[in-house]
Every structure is written in structure tokens, then in C-alpha cells.
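Welcome! Take your time and look up each residue as you go.

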Amino acid sequence: MTHYFSLEESQTAEIFRRRPFMGLFLIAHCWLCILATIVIVGFLPNVLTILLGILVIGSRQQALLVLMHEASHGNLFEHKLFNYWAAQFLCAYPVLADTKVYRTYHAKHHAWTQTKKDPDLVLTSGYPISKNSMMRKILRDMVGITGVRQLYNRFSIAFEDKESRLSKKFKTLFRLIGPGLLVNTSFLALFVHLGYGWIFFSLWLVPLLTWHQVVLRIRNISEHAALVNYLRTELSVARTTLTSSLGNFFIAPYWVNYHLEHHLFPSVPCYNLPIVHRLLKKQGY
């Protein structure tokens, strides 16, 4: 998709260059934010700190998905196996996702962006919508209806084949969500052992089912909804959204807001996408 743009050899080398240990830094940064929030709320538990904790950790859970997305493109680490397993255990499983499943799904999104074959089209079609409709969607996200429905769908997929044996259904269920449930059960056991079982529910499960869903919806809309598509070029399939540092932290972590640049150059590491943005602007785009 890069034939619209002319880059010098030095510029190409710059945007595709992976920085040593940057993948580890991003994962460590994400988890340190989560741990710091848990420690602060653990020492100062009140309604205000818990609500702020839900916002911070919900945004960091979204950040883990963003890093899993980065790994699905092979951009987090150069070593393929380390890239895959780091994404699985440190990013995907904690938020009940799976890098392998996502990678297959996401490849179709890139191949058929904003067409009828795009599996993400269901998330972004039909916009713009009325304010009342949008508020209803956000409300369902905030109270956990969307998150619970997603979990229910995972279970129902495993049991939808009424003719298969029960053992096969449980095997399918484990493949879909088993590792994530094991990791989260381990989290729960650890917090219960430390005498802080309530933290798992209030600062991990609740954000995952509520604010995390709000952020995911806003991101999907900003990236692909209500696009000016009459040009039907690479520039019409996605949108870049420039926002503040606060907006980046809570809604668009780790440069994921440079989404048009990502679709143009999927193999560019996320931290180099601002460079792509500047290069394209210099060429008049």
C-alpha cells in the first residue's frame, strides 16, 4: 500500500527500525501503572480513589490490547517466539484475549478494511448516530452490560453445536478463553492470599467490564467510523486522531491514535508512527 508515497532509503530505515528493549519498556510501563494504582488504592481505599483506579486500570487494560495488537504485527519484539509468548502471557491472557485468534481476525481487517469482508465493520458501520443512541451505547458499556454480553458470547460459541459431545464443548471453551481464565484465577488467588480479594473485583474485573469497553468503543469509532470514503484510496480507510497527553493515556495509548499511518505501514513499530505522520505531512498529505 506504500506506492502512493515516496520515501528515501534513510527515511525507510528510520521508520522500520526497532529500538532495543522498547517492547519490554512498553509492557513494563503498562504493568507499573497498574501496580502503582493498585498500591495507592490499597493504602487509600475510598470511593474517589476506586473510581479513579477504575479509569486508570481500564485504560491500561486497553493498553495491553494495543500492545497485543502490536505483537500481532510482529512489531513488539524481533524474535518471533518471544514476540508471540510475551504478547500472550503479559498482554492478551490477562484481559481474556488471545494473540493467535486475534492475529487471524485482524489480518482480515487489514486486507478488507471498510468493505463487506471487514470483520470490524460491525463495530463502525451506521455512523453517525443520534446523541441518544450514542449515550445508550456508552451507558451499556459503563454499567457492564457490553462486557458481560461479550463473555456470554464466548461461552455460547463453545456450546452452540448441540450435537457435539460435552467434552468437545469444554475443549472448545478452553481454547477460546481457558488460558485467560486461568491467569485471572491466579490473580484472584494472589489477592485473596494477600488479604485484598476485593481489589481483584473492584480494580480488575470491574474496569475490564466497564471503562475498558467504553475506551474500546471510542477507539473503534475514531479509527474507522463515518469516514469520507468517496476517494476510495488508502487514505480513506482509517483516521488519525491527534489528542492531548491525557487523551493519549486514557483513550489512545502507545501511539495507537496514528491509525491511518498504521494502515499505510502495518510493519512500522508503533513508536515510529509519529515519524511517518511528519513525513507524510511534508509530502503534502
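Let's start with Ile38, which counts as buried because its relative accessibility is 14%, and the cut-off for buried is under 20%. Ile38 sits in helix 2. Keep in mind that this is a predicted model.

**Ile38 and its surroundings**

- Leaving out residues up to four places away in sequence, Ile38 touches Ile57, Phe191, Ile199 and Leu203.
- Ile38 and Ile54 are 16 residues apart in sequence, and their C-alpha atoms are 9.9 Å apart in space.

**The chain as a whole**

- What kinds of elements build the chain, helices or strands? There are 14 helices and zero strands, so read from the N terminus, the pattern is α-α-α-α-α-α-α-α-α-α-α-α-α-α.
- The C-alpha atoms fill a box of roughly 60 × 50 × 45 Å along the principal axes.
- The radius of gyration is 20 Å, which agrees with the value near 19 Å that a compact globule of 285 residues would have.
- Of the 285 residues, 46% count as buried.
- Among contacts with a separation of 6 or more, 68% are between residues 24 or more positions apart.

**Surface and charge**

- The chain exposes about 15,900 Å², and carbon and sulfur atoms supply 67% of that area.

**The nonpolar cores**

- Which residues of the largest nonpolar core touch the most other members? They are Leu67 and Trp204, in a core of 38 residues.
- Five helices each supply at least two residues of this core: helix 2 (22-43), helix 3 (47-72), helix 4 (80-92), helix 9 (166-193) and helix 10 (197-209).
- Apart from this core lies another one, of 13 residues, including Ala238, Ile275, Val276 and Leu280.
- Trp204 has contacts with Trp31, Ile34, Ile57, Gln61, Leu64, Pro94, Val95, Asn184, Phe187 and Ile199, once residues up to four places away in sequence are set aside.
- Leu67 belongs to helix 3 and is buried, with a relative accessible area of 0%.
- With residues up to four places away in sequence not counted, Leu67 touches Leu26, Ile27, Cys30, Leu76, Cys91 and Tyr254.
- From Leu67 to Arg103 there are 36 residues in sequence and 12 Å in space, C-alpha to C-alpha.

- Phe21 is in the loop between helix 1 (9-16) and helix 2, and Met22 is in helix 2.
- Are these residues buried or exposed? Phe21 counts as exposed at 67% relative accessibility, whereas Met22 counts as buried at 12%.
- The backbone of Phe21 has a phi near 70°, a positive value in a residue other than glycine.
- Met22 touches Trp255 and Tyr271, not counting residues up to four places away in sequence.
- Met22 and Leu190 are 168 residues apart in sequence, with their C-alpha atoms 29 Å apart in space.

**Other backbone details to look up**

- Where is the cis peptide bond that has an omega of about 5°? The bond joins Tyr127 and Pro128.
- Pro128 is placed in the loop between helix 6 and helix 7 (131-142).
- Ala226 has a positive phi of about 55° although it is not a glycine.
- This alanine, Ala226, lies in the loop between helix 11 (211-224) and helix 12 (245-250).
- Ala226 is partly exposed, with a relative accessible area of 45%.

**Thr124 in helix 6**

- Thr124 is part of helix 6, which covers residues 121-124.
- With a relative accessible area of 6%, Thr124 is buried.
- Beyond its neighbours within four places in sequence, Thr124 is in contact with Gln114, Asn220, His224 and Ala225.

Key:
Residues are numbered from 1 along each chain as its sequence is written. This is a predicted model: local features need pLDDT of at least 70, side-chain atom pairs count only at pLDDT 80 or more; totals for chains, interfaces and linings use all residues. Side-chain values use heavy atoms; hydrogens and water are left out. A nonpolar core is a set of buried Ala, Val, Leu, Ile, Met, Phe, Trp, Tyr and Cys residues joined through side-chain atoms within 4.5 Å. Buried means under 20% relative accessible area, exposed over 50%, partly exposed in between (1.4 Å probe, protein chains only). Helices (H or I, at least four residues) and strands (E, at least two) are DSSP runs, numbered from the N terminus. Contact means heavy atoms within 4.5 Å. The radius of gyration is taken over C-alpha atoms; the globule rule is 2.2 Å times the number of residues to the power 0.38. Accessible areas come from the Shrake-Rupley method with a 1.4 Å probe; for residues, only the protein chains shown count as cover.
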